[in-house]
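User: I am new to this structure and would like to be guided through it by question and answer. Please begin with the aromatic residues and then turn to the helices and loops.

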Amino acid sequence: MPIRTIRASGTPRTTGSPGAPDSAPGRTGTTAKARSQRAGLRGEGAWGWLFVSPMVLVLGLFMVLPILMALWVSLLHWDGQSNPFSGQADFVGLDNYRTLLTQDGLDRTLFATSLRNNAYYVLLTVPLQTVLALALALIVNQRLLRGRGALRTTFFFPSVTSSIAVSTVFLFLFQGSGAVNSMLSWIGLKGPNWFADPRGVLSLILSGLGIVDPERPAGVLADHSLMGLSWFEWLAGPSVAMCTIILLAVWTTSGSFMLIFLAALQNIPRELEESAAMEGVNRRQMLRYVTLPALRPVLFLVLTLGLISTWQVFDQVYVMGQGAPGNTTLTPAFLSYSAGFDNADFGQGSAIAFLLLALILILTAFQRWALRERGVPTGRNR
């Protein structure tokens, strides 16, 4: 192809073939603009880290560092009187964990007992408080209900009351001559001595039906054991005293979860409910096919918060029983506290805390898997 010569202001300019690179002022401007944008993003990232650095330092100083220190203490035999990072504390490695999980003895039996008690506490408290909170939210979310504000305040009030104060009130209500037993006597029932009754509820039911003798269990329930407890002890159910603590927990936590459900209910589009109503669905179908699917993320949040808080229960147990009667209200959190501050064995107390942390993480991951969206994966059309 012939070469053309173009004159501009008396200066010749030669252009080559169409395939030859040519200067592109627009492309150069675009590249410079992209570079400036990347530089701006890096600057924003630096400013962002600068603003959050105080909180990162606080979290690192008061959360991450203590966790790492507690992990180190769980590998020691330490009485809390010396420096755990000096040679004065005995390094025992994983012996504290072996004592709790594999070695026969009182420590493993107490740890298994605390797990059993807390497991029943979780299995009863989490579903009850979730169902009650959702029911209360559905009630106070009705548009034609009068006094909705007063009802919301009434239902939420126990959640903002001190748990220590509420536990003390429950001690007076459920004592042998308390108000609860007095009301039961009005209908001809004799109430138990709630906080002094170590019998399991399931064993009492089976005993009433004549299936099992709680005093002398026989067969497989008595011949087999797990972590120092017989199968009958594992399956006896929560004690009467633990059931009282469960009632307290459900009453005091349902209000907080009610507000979470209420916010989610008010965020459901009215058009969705109106279209479902036009299709002729009743209230039960509306709850099952419209409301509950829309509440799935919030339901996972409530269940996760409930699971974590119930496995960490401490203050009610500390005030209302401290493990009594017969260690039927003992929980891992209180056992960890007792091992460190009562028995001066902070290594074992830290080991219990980390075993409890591992259990909570495993159960939370399982719950997330169980409540995941089960949609059919769609492949790419070819």
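User: Which residues do ring pairs link into a cluster?

Analyst: In this predicted model, the count comes to 15 aromatic pairs. A pair of aromatic rings is described by the distance of the centres and the angle of the planes. Ring pairs join the following residues into a cluster: Trp78, Phe314, Tyr318, Phe334, Tyr337, Phe341 and Phe346.

User: Are helices α3 and α13 roughly parallel or roughly antiparallel to each other?

Analyst: Helix α3 covers residues 106–140 and helix α13 covers residues 296–311; their axes lie 9 Å apart. The two helices pack at an angle of about 150 degrees, and angles over 145 count as roughly antiparallel. Therefore α3 and α13 are roughly antiparallel.

User: What is the handedness of the crossing of α3 and α13, and which residues of α13 make the contact?

Analyst: The crossing of α3 and α13 is right-handed. On the α3 side, the contact involves Leu115, Asn118, Ala119, Tyr121, Val122, Thr125, Val126, Gln129 and Thr130. On the α13 side, it is made by Leu299, Val302, Leu303, Gly306, Leu307, Thr310 and Trp311.

User: Is serine 350 buried or exposed?

Analyst: Serine 350 is found in helix α16, which spans residues 346–370. Leaving aside neighbours within four places in sequence, serine 350 is in contact with Ala70, Val73 and Ser74. Its relative accessible area is 14%, and buried means under 20%. Serine 350 is therefore buried.

User: Which residues does a cis peptide bond join?

Analyst: Most peptide bonds are trans. In the loop between α14 (315–320) and α15 (332–342) lies proline 325. With omega at about 0 degrees, the cis bond joins alanine 324 and proline 325.

User: What is the relative accessible area of asparagine 327, and what is that of alanine 344?

Analyst: Most residues other than glycine have a negative phi. Asparagine 327, in the loop between α14 and α15, has a positive phi near 60 degrees, while alanine 344, in the loop between α15 and α16, has a positive phi of about 55 degrees. Each falls between the limits of under 20% for buried and over 50% for exposed, so asparagine 327 is partly exposed and alanine 344 is partly exposed. The values are 34% for asparagine 327 and 37% for alanine 344.

User: What percentage of the residues of the chain count as buried?

Analyst: The secondary structure of the chain consists of 16 helices and six strands. The accessible surface comes to about 24400 Å², with 64% belonging to carbon and sulfur atoms. Of the 382 residues, the share that counts as buried is 32%.

Technical notes:
Residues numbered from 1 in each chain as written. Predicted model: local features only at pLDDT ≥ 70, side-chain atom pairs only at ≥ 80, totals over all residues. Heavy atoms only, no water. Helix = DSSP H or I, 4+ residues; strand = E, 2+ residues; numbered from the N terminus. Buried < 20%, exposed > 50% of the residue type's maximum accessible area, 1.4 Å probe, protein only. Areas by Shrake-Rupley, 256 points an atom, 1.4 Å probe, with all protein chains shown as cover. Phe/Tyr/Trp six-rings, centres within 6.5 Å; stacked < 30°, edge-to-face > 60°. Axes fitted to C-alpha atoms, helices over the stretch in contact; angles between N-to-C directions. Parallel < 35°, antiparallel > 145°, perpendicular 65-115°, else oblique. Left-handed = near helix turned anticlockwise from the far one by under 90°. Contact = heavy atoms within 4.5 Å.
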